[in-house]
Amino acid sequence: MNILHVSCSPRGQASESTLLGQKIISHLLKRAPSTTVINRTLGSEVIAPIDEPYATSQQSLADVSQEGSMARSQALIQELDQANVVVIATPMHNYTVPAALKVWIDHIARVRRTFDISTQGKVGLLQDRPVFIAVSSGGRFSGERAHQPDFLTPYLKTILGMIGLHDVTFFTVQGTASRPETVAETRRQTDQALHDYFST
């Protein structure tokens, strides 16, 4: 089995989302110890935004180039397509996905490769597989104590569904800007949620 681990925080190993993503992978490895983990570290690796030939191809009946963004897109899609499980670890930036994750999405959400367009709308072309999303947020966006909007989870559900990935599960560490004891309790609750999920 192959796991693609996409980590998006510029804080690297110090980030709550990265740590949560690693916990998810640890649970997955207990089930399949011989699994290969492929790390795509968007927080430290700069992926250039899509270029003009890519954008033109998206509006055309055929690709106009196989170079530049098209070549990078092909490599990232192949990496995604070869994964049996995907783990995306991301912070919430300004109520939504960080810029690094958005650029990755722009490369993998590609017409004629990961989705097609029909008279009923866009149709995903990728085979479905489990996707686990580890989210950290300085504020709270769900539950009774939520005090900020959430454009991240509905967006990721929609865009991943568009390319054929519907088996999406979210785990979160929210309120990381709170007092240390509050953050510790949040981590404990998240660890319990992970244990409950992976023990079934």
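A search of the whole of this predicted model turns up 5 aromatic pairs. One of them brings Phe132 and Tyr197 together: the ring centres are 5.7 Å apart and the planes meet at 85°, so the pair counts as edge-to-face.

**Aromatic rings**

- A pair of aromatic rings is described by the distance of the centres and the angle of the planes.
- Phe171 and Phe198 make a stacked pair, with 6.3 Å from centre to centre and 25° between the planes.
- Taken together, Phe132, Phe171, Tyr197 and Phe198 form one aromatic cluster.

**The sheet**

- What is the order of the strands in the open sheet? Its 5 strands follow the order β2-β1-β3-β6-β7, with parallel pairing.
- β2 (36–41) and β7 stand at the edges; each has a single partner strand, so one side of each is left without a neighbour in the sheet.
- From one strand to the next, the twist averages 15°.
- β1 and β2 run parallel and are joined by 6 bridges.
- Within this pairing, Ile3 has Val37 of β2 as its bridge partner.
- β1 is mostly covered, with 5 of its 6 residues buried.
- In a regular strand the side chains alternate between the two faces of the sheet.

**Helices against the sheet**

- Helix α1 (residues 16–31) lies across β1, β2, β3, β6 and β7, and runs at about 160° to β3.
- α3 lies across β1, β2 and β3, at about 145° to β2.
- Which residues of α5 are buried? They are Leu152, Thr153, Leu156, Ile159, Leu160, Gly161 and Met162.
- An α-helix has 3.6 residues a turn, so residues three or four places apart point the same way.
- The buried residues of α5 pack against β3, α4, β4, β5, β6 and β7.
- After α5 comes Gly164, with a positive phi near 110°.

**Nonpolar cores**

- The largest nonpolar core has 34 residues, and Ile88, Leu101, Trp104 and Ile163 are the ones that touch the most other members.
- Two or more residues of this core come from each of β1 (2–7), α3, β3 (85–91), α4 (99–108), β6 (131–137) and α5 (152–162).
- There is also a second, separate core of 14 residues, with Leu20, Ile25, Phe132 and Leu194 among them.
- Leu101 touches Cys8, Leu42, Ile88, Thr90 and Leu156, leaving aside residues up to four places away in sequence.

**Two loop residues**

- Ser65 is found in the loop between α2 (52–58) and α3 (69–81).
- Is Ser65 buried or exposed? Its relative accessibility is 18%, so Ser65 counts as buried.
- The Ser65 side chain reaches the backbone nitrogen of Glu67 at 3.0 Å.
- Leaving aside residues up to four places away in sequence, Ser65 touches Pro53, Ser57 and Met70.
- Thr119 lies in the loop between β4 (115–118) and β5 (121–124).
- With a relative accessibility of 77%, which is over the 50% limit, Thr119 counts as exposed.
- The Thr119 side chain makes a polar contact of 2.9 Å with the side chain of Gln120.

Note on methods: Residues numbered from 1 in each chain as written. Predicted model: local features only at pLDDT ≥ 70, side-chain atom pairs only at ≥ 80, totals over all residues. Heavy atoms only, no water. Helix = DSSP H or I, 4+ residues; strand = E, 2+ residues; numbered from the N terminus. Buried < 20%, exposed > 50% of the residue type's maximum accessible area, 1.4 Å probe, protein only. Polar contact = N/O pair within 3.5 Å; in protein donor to acceptor, adjacent residues only side chain to side chain. Contact = heavy atoms within 4.5 Å. Core = buried A, V, L, I, M, F, W, Y, C linked by side-chain atoms within 4.5 Å. Phe/Tyr/Trp six-rings, centres within 6.5 Å; stacked < 30°, edge-to-face > 60°. Pairing = 2+ DSSP bridges. Axes fitted to C-alpha atoms, helices over the stretch in contact; angles between N-to-C directions.
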